[in-house]
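Me: I would like to learn how to read a few features of a structure, one at a time. Please give the general idea and then the case at hand.

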Amino acid sequence: MNPTLHPVTEAPLRFWHRDAVVERHHVPPDRTLLDLLREDLRLTATKEGCAAGDCGACTVVVAETVNGLLQYRAVNSCIKPAQSIDGLALWTAADLARPDGTLHPVQQAMVECHGSQCGFCTPGFVMSLFALYQHTVAQGQTVDSHRAHEALSGNLCRCTGYRPIVQAACSLQADAAQAVDEQPIVAALQQLAATEKTGSNYLRPSTLSALLQARAQHPQAQL
Ligand code: FES
Ligand code: FES
């Protein structure tokens, strides 16, 4: 690897995962989240399909704090820079079932509706369903077909067909025992946000003027 093209960022990457803050050093700014998970952390529940952001097999869920609450998002890890989850919480398909093996409602619904055949796309579908669950069912809302189609629009399945998967989405029921305990996660993320981070080669400007300023300071940087 050419260090000029792939400079290692000195500031550690930090994110919340499985009840703890994960800290990784020397993560290059162009390392994808999928490669970080599968190759660096050996978390292989997340699959690689197209590696181009088209199929959704690599979907994971990230959450950030907004006004003291967690806001969840399903994202394609194959096109997401690992550094972009700094300060966020992360869930993969291996993080949903309880330690005693009890499936999460989205996994149980997929089983009951026969939403999987070869299974390669399934971890991605399950994660899109998990984000949908957090946005709706966990808030006391139901999922209709329109909402289900929207939530699953980034996931492709070549063998099961979509009807049983949409059916699984529409059958989701809240399970209080499986609720995300948000308080410690929010506290951990707020603590991360309060810690100053310097020395990163990965910049995340949040306004147009900050972007233009960063662009002027680093004209060679890859956008
Ligand atoms: S592997 Fe296909 S979208 Fe990521
Ligand atoms: S179950 Fe085989 S690709 Fe979806």
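Me: Where does T122 lie, and is T122 buried or exposed?

Reply: The model is predicted. T122 lies in helix α3. Its relative accessible area is 14%, and because the cut-off for buried is under 20%, T122 counts as buried. Leaving aside neighbours within four places in sequence, T122 is in contact with M110 and S116.

Me: Which residues does T92 contact, leaving aside its neighbours within four places in sequence?

Reply: Begin with its location: T92 is found in the loop between β5 (89–91) and α2 (105–112). T92 is buried, with a relative accessible area of 2%. With neighbours within four places in sequence left out, the contacts of T92 are H17, L37, A45, T46, V60 and M127.

Me: How should I read a nonpolar core, and which residues of the largest one touch the most other members?

Reply: In soluble globular proteins, nonpolar side chains tend to be buried together. Here the largest nonpolar core has 37 residues, and L70, W91, V106 and M127 touch the most other members. Two or more residues of this core come from each of β3, β4, β5, α2, α3, α5 and α6 (182–194). Helix α3 gives the largest share, 8 residues.

Me: Take V106 as a case. What does V106 touch, not counting residues up to four places away in sequence?

Reply: On that count, V106 touches L96, V126, L129, F130, Y133 and L172. There is also a second, separate core of 15 residues, which includes F15, L33, V62 and L88.

Me: L33 brings me to α1. Which residues of α1 are buried?

Reply: The general idea concerns helix geometry. An α-helix has 3.6 residues a turn, so residues three or four places apart point the same way. In α1 the buried residues are L33, L34, L36 and L37. These buried residues pack against β1 (13–17), β2 (20–24), β3 and β5.

Me: How do β1 and β2 pair, and over how many bridges?

Reply: The two strands pair in the antiparallel sense, over 5 bridges. As an example of a bridge, R14 has E23 in β2 as its partner. β1 and β2 form a hairpin with 2 residues between them, and R18 in the turn has a positive phi of about 50°.

Me: How should I read a positive phi, and what is the value at A51?

Reply: Most residues other than glycine have a negative phi. A51 is not a glycine, yet has a positive phi of about 60°. A51 is found in the loop between α1 (33–40) and β3 (59–66). At 38% relative accessibility, A51 counts as partly exposed.

Me: What about N67: where does N67 lie, and is N67 buried or exposed?

Reply: N67 lies in the loop between β3 and β4 (69–76). N67 counts as exposed, at 77% relative accessibility. Its phi is near 50°, a positive value in a residue other than glycine.

Me: Now the rings. How many aromatic pairs does the structure hold?

Reply: There are 5 aromatic pairs in the structure. In one of them, the rings of Y72 and F130 have centres 6.3 Å apart and planes at 80°; planes over 60 degrees apart count as edge-to-face, so this pair is edge-to-face. Y72 lies in strand β4 and F130 in helix α3 (residues 122–135), so the pair ties together parts that are 58 residues apart in sequence. Both Y72 and F130 are buried.

Me: And how are the rings of F125 and Y162 arranged, and where do these residues lie?

Reply: Their ring centres are 6.4 Å apart and their planes are at 50°, so the pair is tilted. F125 lies in helix α3 and Y162 in the loop between α4 (145–151) and α5 (163–170), so the pair ties together parts that are 37 residues apart in sequence. F125 is buried, with a relative accessible area of 0%, whereas Y162 is partly exposed, at 39%.

Me: Which residues form an aromatic cluster?

Reply: One aromatic cluster is formed by W16, Y72, W91 and F130. Of these, W91 was also named among the residues that touch the most other members of the largest nonpolar core.

Methods:
Residues numbered from 1 in each chain as written. Chains lettered and ligands numbered in written order. Predicted model: local features only at pLDDT ≥ 70, side-chain atom pairs only at ≥ 80, totals over all residues. Heavy atoms only, no water. Helix = DSSP H or I, 4+ residues; strand = E, 2+ residues; numbered from the N terminus. Buried < 20%, exposed > 50% of the residue type's maximum accessible area, 1.4 Å probe, protein only. Phe/Tyr/Trp six-rings, centres within 6.5 Å; stacked < 30°, edge-to-face > 60°. Contact = heavy atoms within 4.5 Å. Core = buried A, V, L, I, M, F, W, Y, C linked by side-chain atoms within 4.5 Å. Pairing = 2+ DSSP bridges.
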